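Please look at the sequence and the structure shown below before reading further. The paragraphs that follow lead through the structure step by step.

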Number of protein chains: 2
Amino acid sequence: MNAEQECRFFIPGPTWVRPEILRAMGRPMIGHRSAEFKQLFRGIVDDLKPLFATRQHTFVATCSGTGLMEASLVNCVPRRVLVTTCGAFSERWAAIAESLGLEVDRLDVEWGMAVDPEMLADHLASHRAHYDAVTITHNETSTGVTNDLAALARVIHEESPGTLVLVDAVSSVAGIPVLFDEWGLDVCFASVQKGVALPPGVTLFAVSEQAMQRVEKRPYRGAYFDFLQYKKHAEDGGVPSTPSIPHFFALAEQLDAILRKETLEARFRRHEAMRDLTIRQTSTYAKLASGPTHASPTVSALAPVKDPEALRSEMKKRGFTLGSGYGKWKATTFRIGHMGDTPMASLEAMLKVLGEVALA
Amino acid sequence: MNAEQECRFFIPGPTWVRPEILRAMGRPMIGHRSAEFKQLFRGIVDDLKPLFATRQHTFVATCSGTGLMEASLVNCVPRRVLVTTCGAFSERWAAIAESLGLEVDRLDVEWGMAVDPEMLADHLASHRAHYDAVTITHNETSTGVTNDLAALARVIHEESPGTLVLVDAVSSVAGIPVLFDEWGLDVCFASVQKGVALPPGVTLFAVSEQAMQRVEKRPYRGAYFDFLQYKKHAEDGGVPSTPSIPHFFALAEQLDAILRKETLEARFRRHEAMRDLTIRQTSTYAKLASGPTHASPTVSALAPVKDPEALRSEMKKRGFTLGSGYGKWKATTFRIGHMGDTPMASLEAMLKVLGEVALA
């Protein structure tokens, strides 16, 4: 590993970006209605299919993951939504749904726990109200918990057929398997500054045919996030309005690297190995805040014996950036992002120094 | 001018980007809640004040100009809006307002004409209906027309006090004067891939205190484009959700270059000189489609004697990219973007070749 390829940046997004990808962000401009852009666009849209394991619709939007959270609700929920929560980002679904004037029910579990499929089944069975959609946060970045998305989606299909499954996969896609078609998801989105390891600025998403048909019946859904506009323009090799062209340059290169150089399988294994190494190496001075059963392969929230802010500050002095705790866990935890293109060797080197600092 | 600084790219956005700015897009990541980002953010927000000539609120959103068009309507229009149109982009306001379920009146002039302040005054005086807002497109990119924004805003204030003035300044800001406070504008936004000469991906905007107070009374305005969220987060040195950090790096550098190296005054003069040169050099083989009175300093739509697509294709073979006609003018015109950082010498060199091709 040469110095340029060394990562000292471990926050749970934006993650470290490889120098080659940073350079791709700086290519000279092309027009977004040009033949050159159409070719770039079509290659990306094709590569998003294996990334989400889908044969249905895939797109890129110029906005953050939060934008797609709103887009999912605006396009797919005329009236009523059930929000499952287990941390700060899953709670954001509820805040946005309320800001849109929707009827919102919540199924909450404690921070650090995963959403329980049986609890969800019971809730759906006992509530006679029909939900247009249920929201799930695949990987809760604030607590380092990966929900069992396959099981949760199955429960929704069994207990409430016709209810759409809207999934925040912001910090899972390209780091943890997401099988859009097999699990019967309806909307699933991923920010690029996490598992995909690009600078932030665009969001990738998949939409099921079922969801697309539902959108057609939804009047007054605005224009910027209108899935039908995305579908229409994609057929012509483009997007509804001017996109972040630098991200398209970088994305084409990175999808090629993920799918054909490293391969998704190897990438998932590397993420599990990074999680296991992190848990093992920190166990003497920090407690995994989430508990081990649903520990995320992409981010660990750790409650250290020492003050977490002091620890982060000591590491900063040594050139390493770690993530702070989030929301109500801010004072008691810190987070290590081990996702994207982070090399194992960089993670090992950082954990060695962290151990020295924590045990000093 | 060295080869690296030579521009051969003349579409009306995205425009040519200086190599220094492209390199700034490729800087290593920082966290968007870090002290480093807060400092970057505050510098940018401060520099946006002179850019819009305002002391009121200024922001950066990760989306295209179309996103801010929707945001303006969602935040500021509870019920009824008057859309003034003179081309494809001003018509987009109406399409978006309708997609939001608003009541939309239109005041149309023919493509190539500017919106007439007297006509607007008559319309406002004769319609007893109250408009929450009037929309104006400062510089119509499809036809190369600059509307008299100062006069139009004055008419609205006189004939319909309390009606908000929403302005698309996508292809004017940093190329044509926009005096937000002096002209009494309420929302004004600019894409960065035009006069500001960055790659596309974020949109700059200003909001008046009056508009901000109006937003507070607007329920169910969503979250992604909520101006109050922007205001709240700006006070803490940030944005509501993860922004396109590369654009913030580039923007800080470019605002410094615009305001303190070239200066706005010199930049406006250079744009007028680029327009005048373009009109003069093309006059023997192309008619200015807009007529001369409101000819835009940033983009010219030209109806050539020869087939415009053949002309563009000949120029492409010689390494120069020109813009196609837009919408219903696609078959009869082509467009030259002369905006942003385009050096006069590059424009001169291109026009010389264009003249040879057109008169061959």
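**Around one valine, and outward**

Apart from neighbours within four places in sequence, Val83(A) is in contact with Ser90(A), Trp93(A), Ala94(A), Val104(A), Asp105(A), Arg106(A), Leu107(A) and Thr135(A). The model in which these contacts are found is a predicted one. Val83(A) belongs to strand E3, which covers residues 80-85 of chain A. Its relative accessibility is 0%, and because buried means under 20%, Val83(A) counts as buried. Val83(A) and Val134(A) are 51 residues apart in sequence, yet their C-alpha atoms are 5.8 Å apart in space.

Ser324(A) lies in strand E13, residues 321-324 of chain A. With a relative accessibility of 15%, Ser324(A) is buried. If residues up to four places away in sequence are not counted, Ser324(A) touches Glu309(A), Arg312(A), Lys330(A), Thr333(A), Phe334(A) and Arg335(A).

The discussion now turns to charged side chains. Side chains of opposite charge can pair when their charged atoms come close. How many salt bridges does a search of the whole structure find? Over all chains, the search finds 42 salt bridges.

One of them joins the side chains of Arg221(A) and Asp226(A), with a distance of 2.7 Å from N to O. Are these two partners buried or exposed? Arg221(A) is buried at 16% relative accessibility, and Asp226(A) is buried with a relative accessible area of 5%.

In chain B, Arg260(B) forms a salt bridge with Asp47(B), and the closest N and O atoms are 2.7 Å apart. This pair links distant parts of the chain: Arg260(B) is in helix H9 (residues 245-262) of chain B and Asp47(B) is in helix H2 (residues 35-52) of chain B, 213 residues apart. Arg260(B) is partly exposed, with a relative accessible area of 48%, whereas Asp47(B) is buried at 12% relative accessibility.

Another salt bridge of chain B connects Glu314(B) and Arg318(B), whose closest N and O atoms are 2.9 Å apart. Glu314(B) has a relative accessible area of 27% and is partly exposed. Arg318(B), at 39% relative accessibility, is partly exposed. Salt bridges can also form a network: in chain A, one links Arg18(A), Glu20(A), Glu262(A), Arg267(A), Arg270(A) and Asp341(A).

The next subject is the place where the two chains meet. Here 44 residues of chain B are in contact with 44 residues of chain A. Between them the chains bury about 3,000 Å², and 69% of this area is on carbon and sulfur atoms. Leu22(B), Met29(B) and Tyr224(B) supply 18% of the area that chain B buries against chain A, more than any other three residues.

Which kinds of polar and charged pairing occur between the chains? The count of salt bridges between chain B and chain A is 0, while 16 residue pairs are in polar contact. On the side of chain B that touches chain A, helix H3 (65-76), helix H4 (88-99) and H9 of chain B each supply at least two residues. The largest share, 4 residues, comes from H4(B). The residues of this side divide into 21 nonpolar, 18 polar and 5 charged.

The same surface serves both copies, and 100% of the contact residues of chain B recur in chain A.

Finally, some details of the backbone deserve attention. Most residues other than glycine have a negative phi, and most peptide bonds are trans. The peptide bond from Gly13(A) to Pro14(A), however, is cis, with omega near -5 degrees. Pro14(A) is in the loop between strand E1 (9-10) and helix H1 (19-24) of chain A. In chain B, the peptide bond from Gly13(B) to Pro14(B) is cis, with omega near -5 degrees.

Tyr220(A) is not a glycine, but has a positive phi of about 55 degrees. Tyr220(A) is found in the loop between helix H7 (209-216) and helix H8 (227-235) of chain A, and is exposed at 56% relative accessibility. Ala197(B), which is not a glycine either, has a positive phi of about 65 degrees. Its place is in the loop between strand E9 (187-191) and strand E10 (203-207) of chain B, and at 0% relative accessibility Ala197(B) is buried.

Methods: Residues numbered from 1 in each chain as written. Chains lettered and ligands numbered in written order. Predicted model: local features only at pLDDT ≥ 70, side-chain atom pairs only at ≥ 80, totals over all residues. Heavy atoms only, no water. Salt bridge = Lys/Arg side-chain N within 4 Å of Asp/Glu carboxyl O. Buried < 20%, exposed > 50% of the residue type's maximum accessible area, 1.4 Å probe, protein only. Contact = heavy atoms within 4.5 Å. Buried area = accessible area lost by both parts, 1.4 Å probe. Polar contact = N/O pair within 3.5 Å; in protein donor to acceptor, adjacent residues only side chain to side chain. Nonpolar A, V, L, I, M, F, W, Y, C, P; charged D, E, K, R; others polar.
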